[in-house]
Amino acid sequence: MEPPTAIVVGGGAGGIAVAARLAKKGYKVTVVEKNADIGGRCSIMQENDYRFDQGPSLLLMPSFFHQIFHDLDTSISDEGITLRKCDPSYRIWFPDHDHIDLSTDIPSMKEQIEAYEGPHGFEGFLRFLVESGRHYTLSCEHILHRNFATIWSLVRWDLLLALPSLHVFESIYTRASRYFHSDKLRQAFTFASMYLGMSPFDAPATYSLLQYTEMADGIWYPVGGFRTILDALVKISIRHNTAYILNTPVTSIALSDDHKHITGVHLSSGKFLPADIVIINADLTYAYNNLLPKTTYSESLQNKPTSCSSISFYWGLDTTLPNLQSHNIFLPPSSEYKSSFDAIFKNHQIPEHPSFYLHIPSKIDRSASPPNTDAIVVLVPVPHLLSPTSSSSSSPTSPTSPLNPHNTTAYWHTTTQTIRALILSTLHDLTGNDIESHIVCERIETPLTWKDKYNLDRGAILGLSHSFLNVLCFRPRIQHESIQGLFFVGASTHPGSGVPVVLGGSGVVVRVIEEWLVGRVKRGGIGVGVGRGLGRRGVWVGGGVVVIVVVLVVVMMRVEMGMRMAEWFCGIEEAWMESGDESTWRMLLCAILGIGLVRNLCLACTGVPAEL
């Protein structure tokens, strides 16, 4: 019997990881990439003798990286990759010339924290680590390695019991403020939400798991650049006979006449590649709107909340910067911390004092630049481009109007020059380095170039938002709802954005593919009546169990949130510690979860898988 034929559209982190996993299982895999090199946003940029990581430059959650190599029967070290630990992890610069060095060095952290929080401040830090560590552990156990195909997937006893401890209805900033009293430490332990392209005032507190892994596992850097990880996965996949086709865009996904099955892909060269399975690693919103037939759902994706974009500068210097670390964060005044994020995410404007990240790879890997020089990457979060489907009834000056000049080359050229001057001025004022005259080579990426190079919807560098209604079963599914044999991997599908999460998610995608292939054979025998064998007594017993569990979960949530029962009855919106448009959806979700508990119990009694 011939092995299944799989085509992966896009050679980013997710596509390469899925290709390696499938090839190892014996699939006949072909990866088709529109650009000249693999990697997508994880590409390497070379300019003269300077090397830059175009996108990710922080190796976080190292266990996820080690796990995929273990799954492929090898290891990072066996593939010739050297990881170096960054110490300190960051240097955080404040406008008053103060700075903090975040590190896995606990005595150093104790001294710095007590300088801001007093003698009892370190205890608050440890309690924050316990909570963020719990977020990390529970997320790994219940979310990041599981599929959430439908809303019923949420209705699992283990997940429901873990839900109160994940603090999904509070923001990262709200939770951090419980443990830190100084504005500077609140900033230092919340800015990492920008890894997800979100404001710390909106990102669910669950994502403090990022701060935990930084403190517990450290930040690492692969010698040779971040893409060495992906290069190693490519080599592994080639050892298992994966084929790579570069410089060749896919123009469309070929479907059967009834549009219910994939048959292959059409290439820009005019060639057709047949396939049993297609996995799309291209930007998900782009794929739905350009590679597949248009639907109301595909159009709705263009208006879904999405992550921010960035203006990134890549500078080769003819000198070094001794007083900066490998990773540096420059933050605005505490009085403008929230407004700087609101400007990006709510007002769609450039902040007056934007935060920015400055990476010097040559600090930890001398191969990144010539001797006695430094290579610098500066990433400035900015608003994404405007949706092409924005209401035409808007005023031309409205941020949501398609006539707004925000999407024009001229706008971003002017904005880029303004931000460039601001960065150079900030570096001079805070670090004493006047680097403009030392820049010998320069490259720049803007939301427009991100969109053009990688087909990123609205130039959003981290895919769809990770807000409440854009995660788990609310996120676009791994498996296409109506087209058989079509799957997705990457930032905008489950489990979400970030290289470690996408690499881990590739394992979930492969499991879904394998379950689908098995299901094609067995699907005819699934139609079991829900009520069969349950009986009236079973219904009452099951209902009683459900009521007890729901009451226990509600009590746990009340205790965790510190709410009084009067508040529960007087205003359920306030019971979630937040207000806003999503409160109605949260109430609806609670009702669905209650119904789902009954449903899943009935299915369990009849032997029907609850996932269906």
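What covers the buried residues of helix α14 includes β14 (309-317), β17 (375-382), α13 (409-431) and β18 (439-445). Helix α14 spans residues 447-454, and its buried residues include P447, L448, W450 and Y454. Here, helices (H or I, at least four residues) and strands (E, at least two) are DSSP runs, numbered from the N terminus. A residue is called buried under 20% relative accessible area, exposed over 50%, and partly exposed in between (1.4 Å probe, protein chains only). Covering is judged by contact, meaning heavy atoms within 4.5 Å.

The structure is a predicted model, in which local features need pLDDT of at least 70 and side-chain atom pairs count only at pLDDT 80 or more, whereas totals for chains, interfaces and linings use all residues. Residues are numbered from 1 along each chain as its sequence is written, and side-chain values use heavy atoms, with hydrogens and water left out.

## The parallel sheet of five strands

Strands of a sheet pair through backbone hydrogen bonds, either parallel or antiparallel. In this report two strands are said to pair if DSSP finds at least two bridges between them. An open sheet of 5 strands, with parallel pairing, has the order β9-β2-β1-β13-β19. Its edge strands are β9 (243-245) and β19 (486-488), each of which pairs on one side only. On average, neighbouring strands of this sheet are turned by 20° against each other, direction ignored. Such angles rest on axes, which are lines fitted to C-alpha atoms, for helices over the stretch in contact; angles run from 0 to 180 degrees between N-to-C directions.

Strand β13 (residues 277-280) runs parallel to β19 and is joined to it by 3 bridges. Within this pair, I279 stands opposite F487 in β19. Helix α1 (residues 13-24) packs on the sheet and touches β1 (5-9), β2 (28-32), β9 and β13. The direction of α1 makes about 165° with that of β2.

## The antiparallel sheet of three strands

Another open sheet has 3 strands in the order β10-β11-β12, with antiparallel pairing. Strands β10 (250-255) and β12 (272-274) stand at the edges with a single partner strand each, so one side of each is left without a neighbour in the sheet. Neighbouring strands here are turned by 25° against each other on average, direction ignored.

Strand β11 (residues 262-267) is joined to β12 by 3 bridges, and the two run antiparallel. The bridge partner of V265 in β12 is L273.

## Strand β15 and its partners

Strand β15 (residues 327-330) is covered on both faces: H327 and I329 are buried on one side, and N328 and F330 are buried on the other. Strand β6 (residues 90-93) pairs with β15 in the parallel sense over 3 bridges, and W93 stands opposite F330. Strand β16 (residues 356-359) runs antiparallel to β15 and is joined to it by 4 bridges. In that pair, H327 stands opposite H359.

E117 lies in helix α3 (residues 106-117). The side chain of E117 reaches the backbone nitrogen of S182 at 2.7 Å, and the backbone nitrogen of H181 lies 2.9 Å from a polar atom of that side chain.

I236 lies in helix α9 (residues 227-239) and counts as buried because its relative accessibility is 1%. Leaving aside neighbours within four places in sequence, I236 is in contact with F69, L72, T74 and E79. I236 and R21 are 215 residues apart in sequence and 9.3 Å apart in space, C-alpha to C-alpha.

## Backbone exceptions

Most residues other than glycine have a negative phi, and most peptide bonds are trans. The peptide bond from D87 to P88 is cis, with omega near 0°, and P88 lies in the loop between β5 (83-86) and β6. A cis peptide bond also joins H494 and P495, with omega about 5°.

H97, which is not a glycine, has a positive phi of about 75°. H97 is found in the loop between β6 and β7 (99-102) and is exposed, with a relative accessible area of 51%. N455 follows α14 and has a positive phi near 55°.

Methods: Polar contact = N/O pair within 3.5 Å; in protein donor to acceptor, adjacent residues only side chain to side chain.
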